[in-house]
2 protein chains.
Amino acid sequence: MKSKLSTIDIEPVSHQTMADIVELKLLAFLKKNAFKPGDALPKEMELAEALGVSRNILREALSRLRVLGMVDSKKRRGMVLTSPDILGSLEKVMDPLIIDESTLQDFFELRLTLEMGLADILFIRKTKKDIAELEQIALAEKVRDKNDVAFRIKSEVEFHGKIYRMTGNHTMQRFQTMLLPIFGHLVTVEKKPAVAKVTHLDLVNLLKTGTIEEFRKGMRDHLGPHFKRILK
Amino acid sequence: MKSKLSTIDIEPVSHQTMADIVELKLLAFLKKNAFKPGDALPKEMELAEALGVSRNILREALSRLRVLGMVDSKKRRGMVLTSPDILGSLEKVMDPLIIDESTLQDFFELRLTLEMGLADILFIRKTKKDIAELEQIALAEKVRDKNDVAFRIKSEVEFHGKIYRMTGNHTMQRFQTMLLPIFGHLVTVEKKPAVAKVTHLDLVNLLKTGTIEEFRKGMRDHLGPHFKRILK
DNA sequence: TTTGTTAATTATGTACTACATAAGTATATT
DNA sequence: AATATACTTATGTAGTACATAATTAACAAA
């Protein structure tokens with residue numbers, strides 16, 4: 001016999017383990033006491049005792065802070081708070097196969113949004129040297145067979161990667177690199193060849209002699225096939 | 001006596017612990033065997049034995065995957081791979097006080113870039129209802145004293161938050177919420193009152209009757225004071 | 001004073017054992 | 001067939017023991 005609700009919309013009881021609690025308590029402790037990078041943390045035994053848990057559990061919690069890049073430790077020297085590697089943990093998780101479809105779609109849109117917003121910073125930071133290098137990448141594409149899929153993807157990555165590098169924003173650059181597998185995953189799934197109206201070379205010329213608005217319009221057209229995706 | 005180099009540019013030797021290695025091995029194992037969310041992982045003892053480490057160490061590594069939202073486990077039932085909460089780990093780390101200045105600046109620019117790129121998706125997804133709600137927020141600002149800093153920040157957050165919500169992109173929305181403390185940190189540090197040429201109400205009107213380009217131009221002017229920051 | 005050697009100290013890293021606990025599984029009972 | 005009971009199992013937690021690297025202290029030699 002069927003239940004009234006096909007899918008019961010109720011949250012399962014949360015099974016908070018000691019490690020979960022200790023993790024939160026440690027984060028709160030660090031925040032409350034305004035710990036800064038370089039500051040030494042209390043010893044494991046002191047923390048364990050203060051928290052009323054075994055050293056084992058404490059270390060499981062500390063291990064989580066380690067993967068977040070928040071604490072570093074060496075033998076005898078003890079533990080210190082470190083400036084976390086923000087994107088480091090993201091990179092470990094960025095596997096299209098285990099991320100749910102909805103989130104993948106979100107990140108796809110996030111990438112398009114970034115690409116459209118880049119123009120402003122790009123025009124502030126662009127240099128003749130960078131533009132010349134970008135042009136080289138765009139020119140290199142023409143000498144190869146357009147049906148060589150692997151090469152096309154490679155040069156696509158190279159071109160847009162260069163644009164991100166031109167912003168001088170290292171975080172943004174890493175973010176883009178991180179998003180690549182997702183982008184690749186979604187694009188390879190669909191069959192469309194996705195021919196862009198505006199080529200890379202067109203974009204280079206807009207960057208050289210056009211205005212911000214013109215460049216952005218070009219980028220919008222270049223990404224046209226991708227934007228069509230989200231019009232579902 | 002002073003050394004030749006004020007700061008010695010050399011990387012310290014990496015101290016890879018067993019937990020570090022096991023963490024990487026687990027990630028590789030999951031990837032190689034194409035584990036998908038819902039799949040059951042081998043038992044702790046089996047993994048520990050296969051890896052040649054104690055259950056302790058294995059659990060420290062597993063604890064890291066847990067904080068990344070990649071594995072969940074219950075007693076007797078065993079462990080299962082879960083679809084990771086991508087931004088969850090980011091949120092734990094997003095503390096302006098422990099993130100280095102350079103990264104903070106990067107995220108600040110990232111936020112501006114997103115804001116400038118939002119226009120396209122916004123015009124695709126906007127609804128009369130959302131615009132009306134956005135207008136309410138903008139109108140509510142006028143009745144209050146402009147010198148009430150707390151209120152000004154609150155309404156600023158509310159307005160831009162609503163814009164992100166209007167994209168229907170939940171990840172982007174969370175991302176923005178996450179970036180708020182950073183934004184607040186950098187803005188409160190500087191003394192400038194930061195008066196924008198284009199008000200929130202202007203933006204609402206552009207969203208109602210203007211074109212994408214006009215809206216984006218308005219947003220650019222609205223963010224003018226912030227863009228001046230990055231012209232350093 | 002500086003340099004080099006040795007020994008003691010200490011906090012983290014790793015292993016192992018033991019038991020608690022929740023959640024299935026099988027068995028017995030009505 | 002339904003219910004109650006005992007058994008089994010994999011994770012959760014605690015505790016002990018020892019290895020190891022890094023620091024300090026003490027001391028000796030140049």
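Modeller: Here it is, and please keep in mind that this is a predicted model.

Biologist: What rotation superposes chain A on chain B, and with how much shift along the axis?
Modeller: A rotation of 180 degrees with 0.0 Å of shift along its axis brings chain A onto chain B, and the RMSD of that superposition is 0.1 Å. That is the relation of a two-fold axis. The same surface serves both copies, in that 100% of the contact residues of chain A recur in chain B.

Biologist: OK, switching to strands. How do β1(A) and β2(A) run, and how many bridges join them?
Modeller: Strand β1 of chain A, residues 71-74, runs antiparallel to strand β2 of chain A, residues 78-81, and four bridges join the two. Within that pairing, Val71(A) stands opposite Leu81(A), while Asp72(A) has Val80(A) as its bridge partner.

Biologist: And what's in the turn, which residue has the positive phi?
Modeller: β1(A) and β2(A) form a hairpin with three residues between them, and in that turn Arg76(A) has a positive phi of about 70 degrees.

Biologist: Now helices. At what angle do α6 and α9 of chain A pack?
Modeller: Helix α6 of chain A, residues 128-142, packs against helix α9 of chain A, residues 200-209, at an angle of about 160 degrees, with the axes 9 Å apart. Because angles over 145 degrees count as roughly antiparallel, α6(A) is roughly antiparallel to α9(A).

Biologist: Left-handed or right-handed crossing? And which residues make the contact?
Modeller: The crossing of α6(A) and α9(A) is left-handed. On the α6(A) side the contact is made by Ile131(A), Leu134(A), Glu135(A), Ala138(A), Leu139(A), Glu141(A) and Lys142(A), and on the α9(A) side by His200(A), Leu201(A), Val204(A), Leu207(A) and Lys208(A). Sorted by class, that contact has seven nonpolar, one polar and four charged residues.

Biologist: What about chain B, how far apart are the axes of α6 and α9 there?
Modeller: In chain B, the axes of helix α6 and helix α9 are 9 Å apart, and the two helices pack at an angle of about 160 degrees. That makes α6(B) roughly antiparallel to α9(B), and their crossing is left-handed. The contact includes Leu134(B) and Leu139(B) from α6(B), together with Val204(B) and Leu207(B) from α9(B), and its residues divide into seven nonpolar, one polar and four charged.

Definitions and conventions:
Residues numbered from 1 in each chain as written. Chains lettered and ligands numbered in written order. Predicted model: local features only at pLDDT ≥ 70, side-chain atom pairs only at ≥ 80, totals over all residues. Heavy atoms only, no water. Axes fitted to C-alpha atoms, helices over the stretch in contact; angles between N-to-C directions. Parallel < 35°, antiparallel > 145°, perpendicular 65-115°, else oblique. Left-handed = near helix turned anticlockwise from the far one by under 90°. Contact = heavy atoms within 4.5 Å. Nonpolar A, V, L, I, M, F, W, Y, C, P; charged D, E, K, R; others polar. Least-squares fit on C-alpha atoms with pLDDT ≥ 70 in both. Pairing = 2+ DSSP bridges.
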